[in-house]
Amino acid sequence: MKVLFKHKRVFVWYADHWINIHLMATANGGGIKGYYRFFKGWIKCIFGKHQYHHVFRMSDMNRYVECSYCWKEKEIEKDTLV
């Protein structure tokens, strides 16, 4: 695991991309509570329990469901009735 300190920010190399710990903690509510939520979710991701959210990619104009930490896409089952 690589750690980078840059401009009073801490970045961690995980799953082939840099994670800005301060930004992720701020997105989780900020302060001690935000850091707690971030590290709790990150540890769950490391052990295989992912936290999924919706992402819209402009490159192909599609919506995906992926993990907040490792960007692993969730397999979406398509309805056969549609």
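Colleague: Which residues does Glu 66 touch, not counting residues up to four places away in sequence?

Modeller: Gln 51, Tyr 52, His 53, Val 55, Arg 57, Trp 71, Lys 72, Glu 73 and Lys 74. Keep in mind that this is a predicted model.

Colleague: What makes these count as contacts?

Modeller: Heavy atoms within 4.5 Å. Each residue named meets that test with Glu 66.

Colleague: Where is Glu 66 found?

Modeller: In strand E5, residues 62–67.

Colleague: Is Glu 66 buried or exposed, and how do you know?

Modeller: The relative accessible area of Glu 66 is 8%. Buried means under 20%. Therefore Glu 66 is buried.

Colleague: What joins the side chains of Glu 66 and Arg 57?

Modeller: A polar contact of 2.8 Å. The cut-off for N or O atoms is 3.5 Å, so the pair is within the limit.

Colleague: Why is the meeting of Glu 66 and Arg 57 also called a salt bridge?

Modeller: The side chains meet at 2.8 Å, N to O. A salt bridge needs an Arg or Lys side-chain nitrogen within 4 Å of an Asp or Glu carboxyl oxygen. Therefore the pair qualifies.

Colleague: How many salt bridges does the structure hold?

Modeller: Two. Besides the Glu 66 pair, Arg 57 forms one with Glu 73, the closest N and O atoms being 3.2 Å apart. That value is also within 4 Å, so the term applies.

Colleague: Which parts of the chain does the pair of Arg 57 and Glu 73 link?

Modeller: Distant ones: Arg 57 is in strand E4, residues 52–57, and Glu 73 is in the segment after E5. The two are 16 residues apart.

Colleague: What makes Arg 57, Glu 66 and Glu 73 one network?

Modeller: Shared partners in the salt bridges join the three residues.

Colleague: How do you class Arg 57 and Glu 73 by accessible area?

Modeller: Arg 57 has a relative accessible area of 25%. Glu 73 has 36%.

Colleague: Where is the place of His 53, and how far is it from Gly 30 in space?

Modeller: His 53 is in strand E4. His 53 and Gly 30 are 19 Å apart, C-alpha to C-alpha, and 23 residues apart in sequence.

Colleague: What is His 53 in contact with, leaving aside neighbours within four places in sequence?

Modeller: Tyr 64, Val 65, Glu 66, Cys 67 and Ser 68. With Ser 68 the side chains are joined by a polar contact of 3.1 Å. At 31% relative accessible area, His 53 is partly exposed.

Colleague: What does the side chain of His 17 reach?

Modeller: The backbone oxygen of Tyr 69, at 3.1 Å. Leaving aside neighbours within four places in sequence, His 17 is in contact with Val 12, Tyr 69, Cys 70 and Trp 71.

Colleague: Which residues make up the largest nonpolar core?

Modeller: Val 12, Tyr 14, Ile 19, Ile 21, Phe 38, Trp 42, Cys 45, Cys 67, Tyr 69 and Cys 70, 10 residues in all. Strand E2 (9–14) and H2 each supply at least two residues of this core. The largest share, three residues, comes from H2.

Colleague: Which residues form a nonpolar patch on the surface?

Modeller: Tyr 35, Phe 39, Ile 43, Ile 46 and Phe 47, with about 500 Å² of accessible area together. Take Ile 43, found in helix H2, residues 31–46. Its relative accessibility is 43%. Patch members need over 30%, so Ile 43 passes that test.

Definitions and conventions
Residues are numbered from 1 along each chain as its sequence is written. This is a predicted model: local features need pLDDT of at least 70, side-chain atom pairs count only at pLDDT 80 or more; totals for chains, interfaces and linings use all residues. Side-chain values use heavy atoms; hydrogens and water are left out. Helices (H or I, at least four residues) and strands (E, at least two) are DSSP runs, numbered from the N terminus. Buried means under 20% relative accessible area, exposed over 50%, partly exposed in between (1.4 Å probe, protein chains only). A polar contact is a pair of N or O atoms within 3.5 Å; within protein, one must be able to donate a hydrogen and the other to accept it, and residues adjacent in sequence count only if both atoms are side-chain atoms. Patches are made of residues with over 30% relative accessible area and no salt bridge: like charges are joined within 9 Å, nonpolar side chains (Val, Leu, Ile, Met, Phe, Trp, Tyr) within 5 Å. Accessible areas come from the Shrake-Rupley method with a 1.4 Å probe; for residues, only the protein chains shown count as cover. A nonpolar core is a set of buried Ala, Val, Leu, Ile, Met, Phe, Trp, Tyr and Cys residues joined through side-chain atoms within 4.5 Å.
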